[in-house]
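Thanks for coming. I have a few items to go through, so please look at the screen.

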Amino acid sequence: MHFDIEILEFDKVKSLITNYAETTLGKKLVDEITPTNNNLEIKRKLSETAHALKIVEEVSNPPFGGIRDLSETLHRAKIYSVLKASEFLDVIGLIDGINNNIRFYKQVKDSEIDDISLDDYFYNLESVPHLKKEIQLVITDDGEVSDNASADLRKIRHGITTKQNKIKDRLNQILSKNSKQLTEAIVTIRNNRFVVPVKLSEKNNFKGSIIDYSNSGETCFMEPNSITQLNNEISSLKLAETREIERILRELTIKVAEYHYPLTNNLKIISTLDSIFAKAKYGLMNECTMPIITEEEIFLIKARHPLISIEECVANTIAYDIDEKIIIITGPNTGGKTVALKTMGLLSIMVQSGLLIPVKEESKTKIFDNIFADIGDEQSIEQSLSTFSSHMTRIINIIDNLTVGSLILLDELGSGTDPKEGASLAISILDYIRVRGVHVIATTHYPELKAYAYNKPEIINASVEFDVDTLSPTYRLMLGTPGKSNALLISERLGLNMDIVNAAKENVLTSQSEVTDLINKLEKQGNNLDKKIREYEELIVTGKDIVKENEILKKDLLKEKINLKKKINVEQSQLIKDTKKEALDLIKQLEELKSRKDIKEHEIAELKYKTKNLNLEETDVSSTLNFVYSVGDIVNILKFNRAGELIKKQKNGSWMVKMGSLNSKFNEDEFEFIEKRKEVVINQSRMKSKVKKNIRPELDLRGMRYEEAKYVLDKYIDDCLVGNIPHATIIHGFGTLTLRKLVKSYLDSNNLIDNHRDGEGNEGGNGVTIVYFK
């Protein structure tokens, strides 16, 4: 198995794909991608990439962000090497990433994507919630060991704080009493001991020990004798604190070690998925598709070189019939021959590496045992090899190692030597390869190879088109049409003396003229065939345009239907307004009669009540009339013909619509109103009330004090649970982290909370917390 990756620049393609990977290990796996000739493995990898592409297109990107490379951390935990406190936060990041991807794939399975290629990866992700809770009991969100990690640690830190406060009290007394001996009335710390700045001239008069000097040398930092014992006690307590923290971290490391296998396996799965989705995202951005793998047929429709931008690249169809094995391309320099050669080779390597390729759907290709390439001028000065020798050395190596299932790419075959000998050698090489049944694309300038190809049914003549009017190449590959020399025509167009041009034409040998006539005839036939093919392609495009117009017409009809409904509702609304006006007039009359006649109060009240009830009906109709949509409205998504519920209105006027478990954004002209949200009716003691509470999907606690935020948070969570809200966003900001700790502590202690996580980069980062309800 041999693939000329370097010559065909496959590493450049991998470099582009790496940019789409989100994790360090995912990028590493992309960089390690290599082609294979294992048919089953190739089909599996292609299916996985195609499945990932559907998910990215129809759902979204998986949440791989924030997952670090924990290979070394997990290995150290396995051998009980104590982890740092901050490393446990990375473990929580992995656990959260696992949970997020498990939830994400549930959402994918609820969508209409009918594919199971990635099921094994996502279903083998194992949640480890108990470990996360264990870590959160010990490690704070800032990566420090919590005071509550153990009773001993809490006692030690309390002791340190108490003694530090005693020291500060004594030092404050010293500051006021001995202020004349000090350079500044402050307390500071030097060498982990509390000190005061004493004037150098007063050091012998101040009762204490010198701990340090200032940079200027004019101040000495002294520890008063009255606090020496307390400082010593604090130092002892800090040593005890260090020992206790190490003990706590060791125990926590052992707990991480107990989950070494699921965490390591999860990390491996996430990294593999990241590399697969990186390939899918590259394919999406470069309009790639999955070709059909066949035994012998090759039909790459509108193939593009992946390293040339979509806007600049001229797409060409490269095709072999089942009995055809060799394509010989002729044409001018810089006309695109070598690009066509490299396109075939590079796309084949990409397919056999599990990558989608830039071709149209329904393209077909086969799996090659080897892909050999002799491209470009690889003249070696060190080995004293000429261009011809360099090419020939590589061709010899190819011939010695080729197999029946190989693809061979030969650029300028036989060049670098006498034209007659070069052409003869090129024909002999192709003859030797031809009988061995391998696939070949060769480029050449030799006319002898064109004639040679006509006598062999397994060989296809091809050329790159040249526009004689503009004297420039079009880069179009023309299969079945050999290239011809345009030297005389170009010279004539450029203004060369006609006597010279005519003399050159007369000097062309008769045999060459016959071959040229044959080529011209075939070229004309090929051009006619190409013209018909282009006409057929235009018909296909026209058909697609008609389908598109039908879709637009369908939408227009739906809009007209909505307008008709609007017109009807206008009439209904006017009728209601007129009725209400009459009722109000009647009430006014009754009020006037009340002062003059004996009319019962309850009769007037009853009339008022019936009139006011008209407001409900009018509100419902007017909402339909003016199409003032509100959260909870049920609408029909026009392009999917599927019902959805309005979740949230965006700043740009569009709406977030929930269809099943999938949320998507739509403009108001992309859906139509069906009905208002159904109200919940509660029966209690013959009383019926309607719950109309609208629960916002997010709560902003910024600017609130602790107790106020706690009360508001508790009430909001209760509302969400009663309203059966699946998830919500709590905005607490960054600040002093007090609100963040309140939110985290509250959610951890609430048994009705399924899970919570920090926001992603586009959600507000660590300034928000996303909470999921059971």
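How many contacts beyond four places in sequence does the model have for residues 615–625? It has 19, and pLDDT stays under 50 over that stretch. Keep in mind that this is a predicted model. For the protein chain, the average pLDDT is 82, and 84% of the residues score at least 70.

Next, Phe-372. This residue is part of strand S11, which covers residues 370–374. Is Phe-372 buried or exposed? Phe-372 counts as buried because its relative accessibility is 2%, and the cut-off for buried is under 20%. Leaving out residues up to four places away in sequence, Phe-372 touches several others, among them His-2, Asp-4, Ile-398 and Ser-406. Take Ser-406: it sits 34 residues from Phe-372 along the chain, and the C-alpha atoms of the two are 7.6 Å apart. Leu-407, Ile-408 and Leu-409 are also among the residues that Phe-372 touches.

Last, two backbone angles. Asn-191 is in the loop that runs between strand S2 (188–190) and strand S3 (193–199). Its phi is near 50 degrees, a positive value in a residue other than glycine. Asn-191 counts as exposed, because its relative accessibility is 56% and exposed means over 50%.

The other one is Glu-287, in the loop between helix H10 (260–285) and strand S6 (292–294). Glu-287 is not a glycine either, and its phi is positive, at about 55 degrees.

That is my last item.

Terms used
Residues are numbered from 1 along each chain as its sequence is written. This is a predicted model: local features need pLDDT of at least 70, side-chain atom pairs count only at pLDDT 80 or more; totals for chains, interfaces and linings use all residues. Side-chain values use heavy atoms; hydrogens and water are left out. pLDDT is the predictor's confidence in each residue, from 0 to 100. Contact means heavy atoms within 4.5 Å. Helices (H or I, at least four residues) and strands (E, at least two) are DSSP runs, numbered from the N terminus. Buried means under 20% relative accessible area, exposed over 50%, partly exposed in between (1.4 Å probe, protein chains only).
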